[in-house]
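Subject: Structure handover

Hello,

Here is the structure for you to look over. My notes follow below it.

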Amino acid sequence: DLAQAYEQALKNDPQWAATTNQYLAEKEKEQLSYGALLPTVGFSGSVSYNKVEPESIPSYDYTGRQLAIQARQGLYRADLWKAYEKAKILTSVAEADYRYKQQEQVLRVSEAYFNVLRAQETLSSAKTEEAALKRQLEQAQKRFDVGLIAKTDVFEAQAQLDAAVAARISQEVGLASSQEALAGIIGSDAGQLSTLRDDFIVTPPQPNNADEWVKLAHEKNPQLATARFNQQVAEKAVEEQRAGYRPTIDFVAAISDRDNGNSPLSSQNSQAISAGIEMQWPIYTGGRTGSAIKQASYGRDAARDQVTSVTRQLTTQARTAFLNVSADSYRVAARQQAVKSAEAALAATKAGYDVGTRNIVDVLLAERNVYAAKRDYANSRYDYVINTVKLRASSGQLGEMDIKELNG
């Protein structure tokens, strides 16, 4: 069923695995930036061979060794603090984007699943239509053999059957393609799928107001949340670059040990402990800081424009999805009634054909109208389900609970 297909997709879909790993990688940015604010401790060591040839004394050589440990803690690092604040917002970006990708995964699996069901039902209808037209051809041939109809009626029945055979072949290819698409997501052949219940209830969307869905989209859609967080990131990026004009102040402490071996300088062997404050203040950097601020400012303006663009896009999507579901909820009932009307028309046409008031063309047309109505009815049911999922996605409310609801 659909729930099992979704579970398999979470386990076996490489696209979803890549999304998850990318999300985990993005979350590490906050810890990386936080680590830059913490103390750093480094160990260094060196061994060197030295040969000295002074003028006043004989030449000599020695091996010198030096070991040192240094600790550094930033006291005032505006650039690192702004980078850390930006990284925290980037974590929110990653989480919002991951929620958006989760919605896409639910929609992707659902569409692939229902596309298989749609293709199965369409193929079944095509086979039934082909069989019905084949019977019409056989009946037409028998009538022609006894002189009741003209040869053109047989030709007409044969032409309609040939068209139905071609349509059935196309539907077989479509079903195979849909099955392959689903198998590519869940990692294996799905086998027999649970189908839509005949008695599932079709209702208009609730709330039954487009403005309410637009409001939900503006409040909860993770795509818009991502754009808003990206704007905050861009604003922090400007502050980070402006920090390039400020000084940096670090506390530095070191312990070192120097050994000159057996050289005449051995009396200069030493151990040293030092601690102090180190300040650096960039006076001129070739204009790089000013250029970086301009670049970040343009990025901030672009992020602000992107928020406006996504907001308008979601407004259109929510309204369109609402209108589609609203129309689908009425279209299903209308298509169902159209099937009954087409079947009644076919029965009447066949009766007229039997008494000679209708010809074979009328019967074939009525026959095809019946199966066209059945296909339209099936498509309207699947359109209703998929568009309902899209409506919930546009409003930011699509999740795994919807899979369970759809599965019922």
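F114 is in contact with L2, L196, Y382, V385, I386 and L406, leaving aside its neighbours within four places in sequence. Contact here means heavy atoms within 4.5 Å.

A word on the source. This is a predicted model, where local features need pLDDT of at least 70 and side-chain atom pairs count only at pLDDT 80 or more, while totals for chains, interfaces and linings use all residues. Residues are numbered from 1 along each chain as its sequence is written, and side-chain values use heavy atoms, with hydrogens and water left out.

F114 also belongs to the largest nonpolar core, which has 44 residues. A nonpolar core is a set of buried Ala, Val, Leu, Ile, Met, Phe, Trp, Tyr and Cys residues joined through side-chain atoms within 4.5 Å. Buried means under 20% relative accessible area, exposed over 50%, and partly exposed in between (1.4 Å probe, protein chains only). V109, Y113, F114 and L182 have the most contacts inside this core. Two or more residues each come from α1 (2–12), α3 (78–145), α4 (151–186), α5 (210–220), α7 and α8 (360–394). Helix α8 gives the largest share, 11 residues. Helices (H or I, at least four residues) are DSSP runs, numbered from the N terminus. A second, separate core has 12 residues, including A140, I149, L161 and V363.

**Aromatic pairs**

The whole structure holds 8 aromatic pairs. Rings of Phe, Tyr and Trp (its six-membered ring) pair if their centres lie within 6.5 Å; planes under 30 degrees apart count as stacked, over 60 as edge-to-face and the rest as tilted. W16 and Y98 are stacked, at 5.4 Å centre to centre and 25 degrees between the planes. W16 lies in helix α2 (residues 14–35) and Y98 in helix α3, 82 residues apart. Y23 and Y98 have ring centres 4.2 Å apart and planes at 10 degrees, so this pair is stacked too. Y23 is in helix α2, 75 residues from Y98. W16, Y23 and Y98 form one aromatic cluster. W16 is buried at 8% relative accessibility, Y98 at 15% and Y23 at 16%.

**Two more sites**

A321 sits in helix α7 (residues 288–355). A321 is buried, at 9%. Beyond four places in sequence, A321 touches K390, L391 and S394.

E240 is in helix α6 (residues 222–242). E240 counts as buried because its relative accessibility is 19%. Beyond four places in sequence, E240 touches D79, K82, A83 and K86.

Best wishes
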